[in-house]
Each structure stands twice: as C-alpha cells, then as structure tokens.
Amino acid sequence: MKLDFNFGWKCNGKEVFLPHDAMISEVRDGGCRNGVNSGYFPGGKYVYEKSFTMKSEVVGKSIFLHFEGVYQNCVIYLNGTLVGTHKYGYTAFDVELSGEIREGENHIKVEVDNSLEPNCRWYSGSGIYRPVTMLIDELEPPKIKTLSYCPAKIEVTADAEIVEIYDNDVLIATAVPGEIAVPDAKLWTAETPYLYTCVIRKEGKEHRTTFGIRLLEWEAKKGLRVNGERILLRGGCIHHDHGVLGACDFYDAEYRRISILKGNGFNAIRMAHNPATQITLSICDKLGMYVMNEAFDGWYVPKTYHDYARWFDTEWKNDLTALVKASYNHPCVIMYSHGNEVSETATKKGAETAQMLTDYLHTLDDTRPVTAGVNVLLNVYTNMGIGVYKDKGDYKPEPLPRKRGYKEKKTGSAFFNAMANKLGSLMFFMAAGKKGDRACKGAADGLDVLGLNYAASRYDEDVVNYPERLMVGSETMVADLPYNWERVKKYPQVLGDFVWSAWDYLGEACIGDWTYHSYKGLPLLAGQGMIDITGKPLASMYFMQVVWGMRKEPFIGVRPLNHAHEKPSTGAWQFTNAIDSWTWHGYEGTKAVVEVYANAAFVRLELNGEEINTQPVKKYKTLFKLPYVPGTLTAVALDANKKELSRHSLKTGKKEIRLTVTPDKQILKADGQTLCYLPIEFTDENGELLPYIEQPVTVQVKGAASLQGLGSALCKTDERYVSNTFHSYRGRLLAVLRAGTASGKVNVTVSSQNMKPVTMELEVR
C-alpha cells in the first residue's frame with residue numbers, strides 16, 4: 001500500500017505542503033557565499049515535522065518512508081529515535097519505520113542542513129523539495145528487461161508468485177517470473193511511446209509497474225539503435241529547477257516542460273547534473289523523450305568547497321545504486337552518465353575511477369551504455385596545473401561569520417565557465433590535436449561512449465584514429481550546431497548533440513545572458529536556455545529547428561529596439577537576443593538589426609512588399625540592418641539560383657494595449673499538487689505580443705488555490721518569485737497557481753498600471 005505523505009508538515013514551525021523548497025523564500029544576499037552559483041540565494045538549516053496516526057492493524061508490518069529527494073544532509077527521527085540519514089540531495093532513499101512506529105499518535109522529524117555553502121554550482125533548492133510516500137507491506141518492484149523485439153520477449157525478475165502483463169486494461173500474458181513472450185507487441189520509441197503494465201502478485205499483495213518494450217544496441221559501425229533503428233539524439237541539457245517554483249518537483253510542471261521541449265523538436269534530454277526523479281522519468285516514458293540520466297557533477301576533487309567531493313569515497317556506490325534502481329524499468333533512459341567535467345579524468349587515478357564507476361554500473365544494469373561529459377579543454381588545463389585544486393587537502397572552509405563580498409575560488413567547471421566567456425569560439429579549436437587526445441584518452445578507455453563537452457572539433461580525427469570509439473556531444477553551444485549536426489548525420493560513431501541548455505534555469509547567474517545594464521538588481525537566471533523559464537521558445541530554439549531540418553520556412557528575429565542604444569554584455573552560450581516580433585510602437589526610425597535563419601543559399605528581406613536587400617546565408621544565418629518602419633517584414637529563402645524556396649513574415653500589431661491571461665486549465669484537482677499555469681502578456685486586441693512593455697503586474701488569488709510563483713524571464717532583478725507583483729519582461733511573465741485540498745472556487749485578478757484588470761474564475765474539485 002502506498003500513501004501520500006505530503007500533507008500536514010511544518011517547516012521551522014510554519015505549515016507547508018510537500019514538495020517544499022525552503023531556499024526560494026530566502027532573502028537573496030549579494031554577500032552570500034553561494035553567489036552567482038545559486039543566484040545569490042543562501043542556504044540554511046530547516047526542521048520538517050509531522051504528526052500522524054497509525055491504526056493497530058498496520059503496526060508490525062513492513063513500513064518505509066520513500067523520499068524522492070531532500071537537499072541535503074538530512075537526519076530523520078521517528079518518535080525521538082534516529083531512523084535514517086542521507087547526504088546527497090539528488091538521489092531517492094528509503095527509511096524504515098517498522099521497529100519504531102506505534103499505534104496512535106506518531107511524530108516524524110526531518111532535519112535538513114544546507115548551511116555549508118557553496119556546495120553546488122547552480123540553484124539547488126533546500127529542504128524536502130520532492131514528494132514523500134509511505135510504503136506499507138509493499139512488494140519489491142520487479143526488474144523488467146527487454147530480451148528481443150521481434151518476436152517480443154521480456155524478462156521479469158521478481159520475488160512473486162505470478163506475473164501479469166496488461167495492454168491498457170486487457171490482460172495479454174500470465175506467467176511466473178522469468179522469460180515472457182508478449183504477443184503482437186507495440187514497441188517503445190520516442191516517436192511511438194507505447195507502454196504496458198506489469199503486475200506482480202504474492203500472498204494477496206500486488207505491485208504495478210509500467211514499462212516499454214525497447215531494446216538498445218550500440219556499436220561504432222551502426223551507432224545507437226533502438227529496436228534495430230539508428231537514432232540521432234536531438235538533445236538538450238536541463239537542470240532540475242522549475243523557474244518561479246524553485247526546485248519543487250511537481251508533475252504538472254515537468255509535464256509542461258517535457259511537452260514544450262518535445263513540441264520544439266528535442267527528442268532527448270540530459271539531466272544536468274543529477275539523477276532524474278520518478279516524475280520526470282514517468283513523463284518521458286509517456287510522452288516519448290530519450291534521457292541521459294546523470295549521477296554526479298564531480299567526484300573526489302571539489303568544484304566548490306562543500307560539494308559532493310566530501311562524500312564521494314563513501315557514498316558513490318549507494319548513489320549509483322539509487323540511480324539505476326530509479327531508472328531500470330523506464331524505457332526513456334537510454335544512457336547513464338557518471339560525471340560531468342570531472343577534471344580528474346585527465347589523471348591516471350581519474351581514468352581508473354572512470355573505469356571503476358563504469359564497471360559498477362554494468363554490474364547493476366548491462367542494458368544501457370555508460371558515458372561521462374569530458375571537457376577536453378579543462379582536462380588540458382588540468383594537465384598543465386591550471387584552474388584546479390591540486391588535491392583534497394587543497395580546500396578549506398572559510399571561517400564564519402561570512403564576509404560580505406566573499407568570492408569562491410574558480411576551479412574545475414567554474415574556472416571553465418569563466419574561461420569560455422573569454423575564449424569564445426577559440427576553445428572549439430583548442431580541444432583538438434594531440435594535447436586534447438592525451439587529455440581525454442584515459443577517460444575514453446573507461447567509457448562505453450565518450451561524452452564530449454565543447455569538443456566537437458575532435459570528431460573528424462577521432463573517427464579515424466579510434467574507429468571503434470563512440471562519442472556524443474554531451475554539452476555543446478548552439479552556435480556550433482551546424483558543424484556538430486553534420487557530423488552526427490555523417491558518422492555513426494557520433495550519437496547526437498546536447499545543447500547547453502534546452503531550458504533556462506536558476507543560478508550560474510547571467511553566464512549566458514545578453515545583459516543590459518539598465519536592468520538593476522542581482523543576477524538570478526543563467527540566460528542560457530533555448531526556451532526561457534516562462535516556456536517561450538527563443539530565437540536560438542528556432543535556429544536549432546532550421547539546422548535539424550524540422551523548420552522549412554525562414555525564421556525572423558529582431559534585436560530589442562527598446563534597448564537599441566545600449567550595448568549588452570554577452571555570454572558565450574547565446575549568440576543572439578533577438579525576438580520574433582516586428583511590433584515596436586514608439587521606436588519608428590530606430591535602426592533595427594534583423595537576423596534570419598534559413599536552410600538556403602540566399603535570403604531576400606522585404607518590408608511592405610519592397611526589397612531591402614538579398615544576402616548570402618552562412619551557417620544557416622544572415623543579418624540585415626534597416627530603420628524600423630511598421631508593416632509587414634518578410635524573409636524569402638532562395639536557392640543557389642535565387643529561386644524561392646519558402647517565406648515567412650512578421651506583421652506589426654495594433655497600438656491598443658491589453659492584458660491577456662491564458663490559464664492552461666479551468667478545473668484543478670483538489671489534491672494540493674495540481675498546478676495551473678497562467679502566461680500573462682501585454683498584447684494588442686488580436687493577441688499580438690507587445691515586447692517593449694515592461695512594467696509591474698499584480699496577481700491576486702482568493703479561494704481554493706494559492707499563488708505558488710510569479711516571475712518573468714528577466715535574468716537580473718531583485719524581485720521575488722514568492723511575491724504577488726513582478727515586472728513583465730519582453731511583454732510577458734508567468735503566474736503559477738497551486739490547488740489546495742478542498743473543493744471550491746478560485747478568483748484570480750491580474751492588474752497593471754493604466755490597464756483594464758483581467759478577472760477570471762477557476763474551480764478546484
């Protein structure tokens with residue numbers, strides 16, 4: 001029996017519903033030691049408590065609490081007795097209560113310590129930020145393995161008396177644990193995500209598990225195959241946070257994100273840099289999204305003073321075991337990664353560690369290849385003794401109290417990020433050649449697939465020098481996609497490309513953003529997403545679609561005219577801040593920079609039917625400059641003979657301004673978990689976005705739901721997502737409501753200065 005254990009909690013004395021991110025409510029501090037890593041959110045210590053009643057017939061049975069994730073260093077007490085501990089903030093774990101639970105009133109206390117900072121290179125969140133479940137007399141889940149797909153056979157390993165296979169609600173096979181044939185099987189792929197249900201039964205108990213029939217094969221001559229067909233991974237990296245919601249893990253939030261990613265052309269995600277939750281994996285199973293599931297950001301050499309390096313030697317086996325246990329029955333998981341930009345892979349000990357981790361993962365699961373993201377340039381610097389801690393004794397915590405203006409030593413990936421912004425495209429070339437080869441060979445020998453971070457320049461030489469080596473672009477820049485994707489298509493050894501990043505995120509603040517200095521406040525968001533935190537695809541996303549061959553017509557982007565007289569600071573991870581809009585009332589005559597992306601030899605730009613210019617296309621891009629005049633801006637893609645292939649237009653909207661609010665649902669379930677997303681935009685009467693309007697918007701919510709978060713995609717601000725007022729950015733922001741546990745009406749009012757308020761009524765039931 002599984003019981004929802006997310007209600008009735010208090011955090012530091014305040015009533016909360018789980019999942020709960022304590023960090024998102026903290027006051028950001030420009031002097032906090034986390035700095036840009038967390039977007040200047042500090043950590044802290046938090047005590048979660050809950051009282052609950054147990055009936056006499058349950059006492060004496062096997063009882064566990066399953067935590068999907070607690071950040072971090074948690075200690076769990078039941079009725080005053082220590083019953084469990086867990087260090088790593090990103091892996092699931094179970095705590096047994098059987099021996100201490102009693103009939104009647106019980107009290108659980110979870111002490112969470114996220115006060116040692118910095119301990120993460122991005123926004124981690126704090127507290128019990130993922131769901132908790134009570135398991136009473138539950139059967140151990142089965143392990144389901146696809147043996148073949150034609151004919152379809154699976155192997156079910158389970159401590160059970162009987163196994164039943166259901167196609168939807170129809171029983172199609174009954175057997176004892178072992179090999180089972182599945183008649184007329186429908187196979188799982190990202191394009192056809194068909195799922196079955198396996199039910200195991202023993203002594204009157206049952207356990208239900210969804211699974212897909214999906215067989216992976218990988219070899220240099222044929223690449224990565226799913227059910228016999230080679231696949232090309234159109235991938236993107238994502239962090240675990242959900243923007244205005246912080247780190248809270250909600251089904252609706254992840255379903256929306258994966259749906260938007262898939263709808264924009266991605267067929268694969270890389271979890272960066274921590275294991276995915278069951279919510280994420282179940283949605284990727286359902287919607288069809290391949291997953292590279294990653295264990296760690298680092299091993300025994302620290303990247304920040306208090307990170308996983310403190311526990312690596314004692315905890316890596318437990319956390320890799322948790323990774324595989326959480327992934328095994330999910331067909332979406334096609335690859336494990338046990339590290340990211342781990343600079344020690346440049347050394348003999350590090351190469352041996354890579355092999356050790358790979359071998360251990362193979363003992364747990366031999367059905368998936370193992371990789372790690374190797375930053376070749378970082379490894380070259382490591383061999384030179386630049387930008388790394390020399391050994392574990394090289395780091396020491398700064399004494400308290402913390403000093404305002406504290407700066408963390410830039411090492412490892414943090415060092416690389418700083419260098420990347422200075423080197424730009426040069427690092428692409430610096431990863432090639434003999435130095436780069438020596439720097440990554442040890443790691444490559446210990447992996448099934450060599451993950452290359454920003455090192456696609458190795459592809460051409462490595463497919464010749466190491467014909468049996470499989471590679472994947474585990475982390476890449478969007479500007480390099482034309483080069484990278486040609487090689488993904490050309491070489492079976494190159495499995496795919498994972499851009500940094502598919503979705504913007506909290507922390508690593510402003511590292512990729514085109515930041516205008518007229519925006520005041522602390523850096524908050526990375527500004528590196530192909531899709532911003534409100535869920536809006538950016539120009540870079542459409543560029544990727546053109547390169548992938550998924551968008552046939554040109555894309556037109558216009559750099560913001562309301563900032564035309566400012567020069568932004570730019571990050572290496574974004575090549576543009578263009579907006580797909582030709583509506584800039586009040587900026588007539590301002591020089592516009594227009595970018596057009598097209599798979600064509602030439603692009604002709606027209607304004608109100610008149611040709612402005614015709615330009616050659618280089619690497620799918622071309623650039624035009626012209627004074628802004630309202631009307632219709634059209635890009636015409638031309639072949640080498642200047643014959644039209646396709647066209648696309650932007651039209652100027654009207655001047656009337658209104659608030660447009662579009663909730664994604666009208667009825668919310670009274671479960672305390674259901675979310676309602678409300679994109680809020682300043683538009684004309686036809687819904688055309690007015691991107692130059694940036695002013696405060698207030699959202700008031702009364703009734704059976706609450707405002708869980710409100711914010712925009714602005715990367716630099718002192719405003720808070722837990723407030724009910726926030727500035728729009730590029731004419732847009734996002735509100736998220738969270739249903740309560742009681743039925744009733746929800747009244748929402750959205751207002752802004754000089755605007756007619758928008759009111760609406762939703763329902764929770």
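Partly exposed means a relative accessible area between the limits for buried, under 20%, and exposed, over 50%. Lys441, at 35% relative accessibility, therefore counts as partly exposed. The model is predicted. The report below concerns its salt bridges.

**Overview**

The structure holds 39 salt bridges. Side chains of opposite charge can pair when their charged atoms come close.

| Pair | Closest N and O atoms |
|---|---|
| Arg121 and Glu508 | 3.4 Å |
| Lys348 and Glu352 | 2.6 Å |
| Lys441 and Asp445 | 3.0 Å |

**Pairs within helices**

Lys441 and Asp445 both lie in helix 8, residues 433-445. They sit four residues apart, so about one helical turn separates them. Asp445 has 48% relative accessibility and counts as partly exposed.

Salt bridges with shared partners also join Arg121, Asp297, Lys303 and Glu508 into one network.

Helix 4, residues 348-364, holds Lys348 and Glu352. These residues are four apart, so their separation is about one helical turn. Lys348 is exposed, with a relative accessible area of 64%. Glu352 is partly exposed, at 44% relative accessibility.

Arg121 forms a salt bridge with Glu508. This pair links distant parts of the chain, 387 residues apart. Arg121 is in the loop between strand 9 (104-113) and strand 10 (132-136). Glu508 is in the loop between strand 28 (494-499) and helix 11 (539-548). Both Arg121 and Glu508 are buried.

Conventions:
Residues are numbered from 1 along each chain as its sequence is written. This is a predicted model: local features need pLDDT of at least 70, side-chain atom pairs count only at pLDDT 80 or more; totals for chains, interfaces and linings use all residues. Side-chain values use heavy atoms; hydrogens and water are left out. A salt bridge is a side-chain nitrogen of Lys or Arg within 4 Å of a carboxyl oxygen of Asp or Glu. Helices (H or I, at least four residues) and strands (E, at least two) are DSSP runs, numbered from the N terminus. Buried means under 20% relative accessible area, exposed over 50%, partly exposed in between (1.4 Å probe, protein chains only).
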